[in-house]
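This briefing is meant to be read with the model in view, moving slowly from one topic to the next.

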Amino acid sequence: MTRRTRTDTLADWDRKYLWHPFTQMQEWENEKTLIIERGKGSYLIDMDGRKYLDGTSSIWVNLHGHRHAALDRAIKKQLEHIAHSTLLGLSNPPAILLARELIRIAPRGLSRVFYSDDGSTAVEVALKMAVQYWQQRDPTAGPKKSFLHLKLAYHGDTIGAVSVGNIELFHSRFKPLLFPTLVADPPYCYRCPLKLTYPSCQMTCLEPIKEILRTQHEELAGFIIEPLVQAAAGMITSPPGYLKRIRELCSKYRVLLIADEVATGFGRTGKMFACQHEEVTPDLMAISKGLTGGYMPLAATLTTEEVYSAFLGKYEDFKTFFHGHSYTGNPLGCAVALANLGVFRKAKTLSQLRSKIAELKRVLRPLATLPHVGDIRQCGLMAGIELVKDRQTAEPFPIEERIGHRVAQEASRQGLLIRPLGHVIVLIPPLATSSRLLARMVAILDRSIRIVTGC
Ligand SMILES: Cc1ncc(COP(=O)(O)O)c(C=O)c1O
């Protein structure tokens, strides 16, 4: 079989056998299938040897680049010992060592690590822990069993995570399966629900949240939030001080603060965790994605000694947290996650990031003058460019124009892979991407937006 034929055959089999996530398969079947066979640094390489810049970090997971020698080595080395053994009734060295390291780097006060498989399960664990915590901490109080979250929130695709999510397009179908929650407006300054302007608004959007907490704290187990950036909503960044105020309000009204750092964790925002920008310690913190540097599926929910201790007792008290997955604490995943944290130290990833974040800001700035760019939002190496039909009124493009998708297709032709969120063009490159390549990515975006919008 020639090289060319192999690509065609696999593309046929893809169309015949696979069902891709978040994908209209009827359209997929008519589009050219891009099959990625290899990767190196910030590049993905297809079956025909064509190179593409990885503008999504392979859906927000890759940090130090593809085929990183230390990460490759960590997996090979662990394979010489064992690929998997369970954490149910047993332990393993990588899981222990990683838990210790995670507590070392986490916001101060988090002291326990509960492993799971992906961002959604880390969120499910946090929700279940919160509800059980209140049952056991204060059995005489009324049931604290509901959750507050923001509109446009995204916390994953399992039923609990969808219940605390609020993206109509993704979630509305599943409403019959979801539990009721309380919802508040997000700090979406570009489309402020209160029609105010930051900073003169003095974050008035916090008032309704305060009111919900004040009046309904007795039934609220937790407030779940994506700290600093509502990522899947279109990189909606919150104003400085917003998260800290949420922390204060949650403490005041005895509601657990659950920080979903699945997207923002591991350097994406410029610090190891987004909460650390505002010196916030959540009561529960969900992490995944960058945990293994984008190598293996692994997740964890971190919590405080206060929460953990509410689960202690004799077996027959039934305070055990009855939750776990087959691959919980998988040694291969934990070994590569440990190596990932090692690279952070050796390559000084966080301090290297400062100049890259500034460079990304510099190269994004001129795009603000394009006639169809409504807003540019950036937090660390997470950026969203919101395209609008009319800049004066911020009127969005009609959904059927698939503006984001068309820009992504054009960018792909020019050698950059991105995945838009509706009409928001998203750039989340690996943290290791050089300033030169960041500039190249933005130049491709600039050209692609101009071509697709005809300006
Ligand atoms: C903030 C946040 N939470 C949870 C998830 C779900 O993670 P996973 O896709 O690994 O289940 C995501 C995924 O994008 C996310 O952005």
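This is a predicted model: local features need pLDDT of at least 70, side-chain atom pairs count only at pLDDT 80 or more; totals for chains, interfaces and linings use all residues.

**Helix H13 and helix H15**

- Helix H13, which covers residues 349-364, packs with helix H15, which covers residues 435-453, at an angle of about 25 degrees, and their axes lie 9 Å apart.
- Because angles under 35 degrees count as roughly parallel, H13 is described as roughly parallel to H15.
- The crossing in which H13 passes H15 is right-handed.
- On the H13 side the contact is made by Lys356, Glu359, Leu360, Val363 and Leu364, while H15 contributes Ser435, Leu438, Ala439 and Val442.
- Sorted by class, the contact of H13 with H15 contains six nonpolar residues, one polar residue and two charged residues.

**Helix H4 and helix H12**

- Helix H4 (residues 69-79) and helix H12 (residues 331-346) pack with their axes 9 Å apart and at an angle of about 145 degrees.
- H4 passes H12 in a crossing that is right-handed.
- From H4 the contact draws on Ala70, Leu71, Ala74, Ile75, Gln78 and Leu79, and from H12 on Pro331, Leu332, Ala335, Val336, Ala339, Asn340 and Val343.
- Of the residues in the contact of H4 with H12, eleven are nonpolar and two are polar, and none is charged.

- In helix H10, which runs over residues 242-252, the buried residues are Tyr242, Leu243, Ile246, Arg247, Leu249 and Cys250.
- The elements that the buried residues of H10 pack against are strand E5 (146-150), helix H9 (206-216), strand E7 (220-225) and strand E10 (256-260).
- Just after H10 comes Arg254, a residue that takes a positive phi of about 55 degrees.

**Arg15 in helix H1**

- Arg15 belongs to helix H1, which spans residues 3-17.
- With a relative accessible area of 28%, Arg15 is partly exposed, because that term covers values between the 20% limit for buried and the 50% limit for exposed.
- If its neighbours within four places in sequence are left aside, Arg15 is in contact with Trp28, Glu29, Glu31 and Thr33.
- Thr158 is 143 residues apart from Arg15 along the chain, and the C-alpha atoms of these two residues are separated by 26 Å.

Methods:
Residues are numbered from 1 along each chain as its sequence is written. Side-chain values use heavy atoms; hydrogens and water are left out. Axes are lines fitted to C-alpha atoms, for helices over the stretch in contact, and angles run from 0 to 180 degrees between N-to-C directions. Helices (H or I, at least four residues) and strands (E, at least two) are DSSP runs, numbered from the N terminus. Angles under 35 degrees count as roughly parallel, over 145 as roughly antiparallel, 65 to 115 as roughly perpendicular and the rest as oblique. A crossing is left-handed if the near helix is turned anticlockwise from the far one by less than a right angle, and right-handed if clockwise. Contact means heavy atoms within 4.5 Å. Ala, Val, Leu, Ile, Met, Phe, Trp, Tyr, Cys and Pro count as nonpolar, Asp, Glu, Lys and Arg as charged, and the others, Gly among them, as polar. Buried means under 20% relative accessible area, exposed over 50%, partly exposed in between (1.4 Å probe, protein chains only).
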